[in-house]
Amino acid sequence: MRHNGSYSASPRIGLLEWTPWIIGIAAFFLLPEYLSLGARILIFILYALSLDLVVGYAGIVTLGHSAFFGLGAYAAGILSARFGVADPALQLLAAMAACALMGLATGAVILRTRGLTLLMLTLAIASILLEVANKATSVTGGADGLSGIVVAPILGLFRFDLFGKTAYWLCLAVLFVGWWITRRLIYSPFGASLVGIRENHVRMVAIGSPVSRRLLTAYTMSAVLAGVAGALLTQTNQFVGLNVLSFESSGELLVMLILGGVGRIYGAFVGPVVYMIAQDMLAKQFPEYWSLGIGLLLVIIVLFARDGILGIIDRLVALVRKEAR
Amino acid sequence: MQEFLASLVSVAFHGVAYGMILYVISVGLSVTMGLMGFANLAHGVFAMAGGYILTTSLDQWGLPFPLALAVAFVLVAAGSVVLERLLYARLYAAGELAQVLFTIGLIFMATAIARLIYGTLQQPVHLPEGMKGQFDLLGRDFPAYRVFIILFGASLVAGLWFGVERTRFGAMVRAAVDNRAMAQSVGIDTQKLFMATFALGSGLAGLGGALGAEIIAIQPSYPFEHLVYFLIVVAVGGLGTLRGPFVAALVIGIADTACKYWVPQFGAFLIYVATILLLLWRPAGLFGRAA
């Protein structure tokens, strides 16, 4: 069910909500040869979750979410490759700090605008970061990408192995924490007020809700989550490419989120899984047809199934229940 | 000093030519966004299509250059009407997110189709002999084709302004931009009006893409790569006006050329920063009215 922010929804974690974690753990043992793909999927789920918080709940349509993903990726990478800090926890913290600052600074100014101007500003900020990463070659490696990243064993115990076992567990654990925090946020009065702002901005101002502060908080939280996802990508790949900041990256993420379903937490889980498994199977053999198919899929979803895969399932379930009655 | 002056003239000249192209491409976006409030991120697709139509009609169909430009305009305008009726029209009432996603989907499809037909390499433009050389003016040499772009663009702008400011059709468009409900209630068929405007705007984008194929390289990544610039022109200029995007396009064309000439290490960085500052100062753009 789409969570609409009302207090009537029970905040307790339902049985069904444990399925992603059961699948996540089972996948580790059942599909050992797909662990690197699995880690990437987990990272993109976290990234999509962060986008869902701003787009799905706060109703801020952004074209520049890759700015935070990329900033997190570069923050962790630069810390290791240029300053020799190999500790994974410090790398994650650095990414979080950088994205919190960036989210706070940019959010404070751009969230005052709406509509086209806001779209434009989010896109411009991502473009600036891309331009900086491209030109500041001595720090970021420019178009060749940033290599020479070293990640020390987690807690001094678990080394990053060739098969991506450690990386997978790290991603799963971090995603779990990210999910838990996001879920708490959404089911709190704060989350309800975000939905209120999405549905009717003017009325929320009128009833005295601190709208700008709420939006800024949500935007910064989302920036931090996206930054963590970026840092995880750096740690799993031990490489950062310019494409983490590109507009295509933001666009692709929007596709994953809408595919799963916007504004319902678990859409951010379903979308990346479906998208990235399909991509893994199809994109390399048929690159042209792949992006043609993605475009077509997006158009069809927008026209006929705007609530994504989970929305379709909801409707099917409702239909079956009606029949049964 | 002499050298500085020469580079100044050169930057201004190339900047104006680039600005003209940006304007011809973006003006339709400004009008459609102002008229229907549709966030059409796929506008660059029309420009790219125009560019491909130009190179194809020059190289494969052997058409003369002016005719190829006309074909680019007509085909893109006709294609856009089909898209508008079949797809865009369903989403006028939808939210911003749906429009954004839908047009991103169109971009994905268009780049894939372009790659399937033409490959990933940029398309060479074979200009007619008369436009290849240099044009001598006041003892300086200017590339003849850019002179043509500036003159052609200027006359197009003049025609467009006359059309919108002095004709009945233009008056109807202005009325609909100002207040759509009111325009509709005095008997203007805003749906048809919008279709015509959309076709004109897209056709102009196609024409701009064709005209500028030599400046803005025609390749499959075109709609993604230059989207920021088209949006900047519209956002800085203001929605629903003709004058705003014109000033914005010229300023951006010149500023971009100047930055790339004098401070290439910054790239487009300064343009983006300037855009952000300007939009924070005037969120509705230079000439837009506050919403």
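## A helix of chain A and its cover

The buried residues of helix H8 of chain A are covered by elements that include helix H2 (35-57), helix H7 (165-186), helix H9 (201-206) and helix H10 (211-237) of chain A. Within H8(A), which spans residues 189-199, the buried residues are A:Gly191, A:Ser193, A:Leu194, A:Val195, A:Ile197 and A:Arg198. Here a residue is buried if 20 or more other C-beta atoms lie within 10 Å of its own, exposed if 12 or fewer do, and partly exposed in between, with the C-beta atoms placed from the backbone. Helices (H or I, at least four residues) and strands (E, at least two) are DSSP runs, numbered from the N terminus.

## About the model

This is a predicted model, in which local features need pLDDT of at least 70 and side-chain atom pairs count only at pLDDT 80 or more, while totals for chains, interfaces and linings use all residues. Residues are numbered from 1 along each chain as its sequence is written, and chains are lettered from A and ligands numbered from 1 in the order in which they are written.

## Chain B as a whole

Chain B has 12 helices and two strands, and from the N terminus on its elements run α-α-α-α-β-β-α-α-α-α-α-α-α-α. The radius of gyration of chain B, taken over C-alpha atoms, is 19 Å, close to the 19 Å that the globule rule (2.2 Å times the number of residues to the power 0.38) gives for 291 residues, so chain B is as compact as a globular protein of that length. The C-alpha atoms of chain B fill a box of roughly 60 × 45 × 35 Å along the principal axes, and buried residues make up 48% of the 291 residues.

## Where the chains meet

Counting two residues as in contact if their C-beta atoms, placed from the backbone, lie within 7 Å, 34 residues of chain A are in contact with 38 residues of chain B. On the side of chain A that touches chain B, two or more residues come from each of helix H5 (115-135), helix H11 (247-260) and helix H13 (287-304) of chain A, and the largest share, 14 residues, comes from H5(A).

## One residue in a loop

B:Leu239 lies in the loop between helix H10 (227-237) and helix H11 (243-262) of chain B, and it counts as buried because it has 26 C-beta neighbours inside 10 Å. Leaving aside neighbours within four places in sequence, B:Leu239 is in contact with residues including A:Leu116, B:Ser30, B:Met33 and B:Val234.
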